[in-house]
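I opened this structure today and kept short notes as I looked things up. Here they are, in the order I made them.

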Amino acid sequence: MIDDKIVLTGIKPTGTPHIGNYIGALKPLIDLSQNHKTIMFIADLHALNAERDAKAIKQHTYEIAALMIVMGLNLENTAFFRQSDVDEIYKMSNFLMNVTPKGLMNRAHSYKAKVEKNTEIGEDVDAGVNMGLYTYPVLMAADILLYNSDIVPVGKDQKQHVEFARDIAGYFNNIYGETFKLPTPVIGEDTGVLPGLDGRKMSKSYDNTIPLFAPSNELKKKIMRIITDSKTPEEPKNPDESTIFQIYKCFANESEIAALRKRFLDGGMGYGEAKTILFEKIDSVLSEPRKEYERLMANKSEIDAVLAEGAKRAGFIAAKTIAKVKKKMLG
Ligand code: TRP
């Protein structure tokens with residue numbers, strides 16, 4: 001059944017999506033799209049304060065879009081688009097600047113972290129801070145309010161930004177009368193972070209990732225590089241402390257998981273064999289979507305067509321909101 005709450009989220013195109021992104025962030029969004037009206041966009045404008053390479057932004061945008069499409073995003077329920085393709089976002093962001101206290105921006109975690117770092121190394125507090133970074137939360141509030149969102153599922157790191165959007169909606173409503181719904185952040189329950197090749201959290205910044213759609217041979221090479229302890233094949237092993245098993249759990253079904261768990265506990269299986277089992281599982285689960293992904297990446301006009309349709313649907317809502325806001329602010 002479709003809930004009538006509007007779920008909205010943005011995905012920043014900052015790198016080639018890996019298994020950790022998929023399991024931790026993207027798959028939950030795909031699941032949500034099955035029974036909610038969803039507004040989902042690739043937040044290319046949010047990448048601009050740090051990424052100066054247009055080609056990289058474009059490439060990562062296509063990669064995320066193709067991934068979401070082949071992994072089953074429900075396009076009937078979802079307006080799926082590129083943030084920069086709906087012109088109203090620039091207007092909305094500009095309008096909201098005028099009701100956003102500068103002090104609120106000073107309290108944003110990511111800006112504060114920069115200031116602290118600068119202070120530590122004896123630099124000017126604002127060294128390396130552009131206005132895109134400083135006003136990042138306003139742009140995000142513009143996303144959320146432009147599309148009348150009720151619910152914004154985000155990672156923990158983004159919770160403050162959604163709270164700011166709520167604050168900004170409140171300031172606006174106070175001045176101009178009831179206009180915006182107050183959005184609620186929903187923080188995905190911590191399914192535990194997926195470990196990467198070296199056992200630390202899988203993350204681009206640790207260079208320990210497994211790309212979701214790596215070709216088979218590259219996937220195998222990566223998996224074989226997973227760091228393990230030095231237990232012999234005969235020794236029983238603790239599945240819950242094994243990176244191999246943690247990743248396996250995300251791709252296998254219940255009975256397969258139970259079977260591999262037992263093999264860990266029983267002993268008699270070396271890590272090499274466990275890695276082969278993991279590789280074969282991921283390779284078989286992803287082989288069909290990977291083909292479709294490769295096909296789409298070679299035919300980007302198909303991705304463009306999906307995103308254009310999404311932008312049209314989103315633009316319809318955006319235009320109405322902007323008309324309302326402009327009337328309230330300028331008469
Ligand atoms: N800032 C978010 C991130 O870095 C991405 C994003 C942009 C977003 N606009 C949004 C998330 C609106 C939720 C709602 O992950």
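**Around the ligand**

I started at the ligand: one of its nitrogen atoms is 2.9 Å from an N or O atom in the side chain of Gln158. I call that a polar contact, meaning a pair of N or O atoms within 3.5 Å; within protein, one must be able to donate a hydrogen and the other to accept it, and residues adjacent in sequence count only if both atoms are side-chain atoms.

Before going on, I noted that this is a predicted model, where local features need pLDDT of at least 70 and side-chain atom pairs count only at pLDDT 80 or more, while totals for chains, interfaces and linings use all residues. Residues are numbered from 1 along each chain as its sequence is written, and side-chain values use heavy atoms, with hydrogens and water left out.

Back at the ligand, I checked Asp143, where a polar side-chain atom lies 2.7 Å from a ligand nitrogen atom. For Tyr136, I found a side-chain N or O atom 2.6 Å from a nitrogen atom of the ligand.

How much of the ligand does the protein bury? Alone, the ligand exposes 370 Å², and the protein buries 90% of that. These accessible areas come from the Shrake-Rupley method with a 1.4 Å probe; for residues, only the protein chains shown count as cover.

Which elements give two or more residues to the shell around the ligand? I listed strand E1 (3–11), helix H8 (136–146) and strand E4 (151–154). Helices (H or I, at least four residues) and strands (E, at least two) are DSSP runs, numbered from the N terminus. H8 gives the most, with four residues.

In total, 14 residues surround the ligand, and the closest are His46, Tyr136, Met140, Asp143 and Gln158.

**His161**

I looked up His161 next and found it in helix H9 (residues 159–176). Is His161 buried or exposed? It counts as buried, because its relative accessibility is 5%. Buried means under 20% relative accessible area, exposed over 50%, and partly exposed in between (1.4 Å probe, protein chains only).

Leaving out residues up to four places away in sequence, His161 touches Ser110, Tyr136, Pro137 and Met140. A contact here means heavy atoms within 4.5 Å. Tyr136 and Met140 were already in my notes, among the closest residues to the ligand.

I checked the length of H3 (residues 54–70): at 1.5 Å a residue its 17 residues should span 24 Å, and its end C-alpha atoms are 24 Å apart, which agrees. The expected span is 1.5 Å times one less than the number of residues.

At the start of H3, a side-chain oxygen of Asp53 reaches to within 3.0 Å of the backbone nitrogen of Lys55. Just after H3, Gly72 has a positive phi of about 100°.

H3 is mostly covered, with twelve of its 17 residues buried. I picked Met68 in this helix, as it is buried with a relative accessible area of 0%. Not counting residues up to four places away in sequence, Met68 touches Ile11, Leu26, Leu29, Ile30, Met40, Leu73 and Phe80. Met68 and Ile30 are 38 residues apart along the chain, yet 7.1 Å separates their C-alpha atoms.

**Helix H6**

Which residues of H6 are buried? I found Tyr111, Val115 and Asn118. They cover an arc of only 65° around the axis, so they sit on the same side of H6. The arc is that of the directions from the helix axis to the C-beta atoms.

The face turned away from that buried side carries the exposed residues Lys117 and Glu120. Cover for the buried residues includes helix H5 (102–106) and helix H7 (131–134). Just after H6, Gly122 takes a positive phi of about 75°.

**Two loop residues**

Most residues other than glycine have a negative phi, and I looked for residues that go the other way. Asn148 has a phi near 50°. It lies in the loop between H8 and E4 and counts as partly exposed, at 28% relative accessibility.

Asp207 has a phi near 55°, again a positive value in a residue other than glycine. Asp207 lies in the loop between E5 and H10 and, at 64% relative accessibility, counts as exposed.

How values were computed:
A residue is near a molecule or strand if one of its heavy atoms lies within 4 Å of it.
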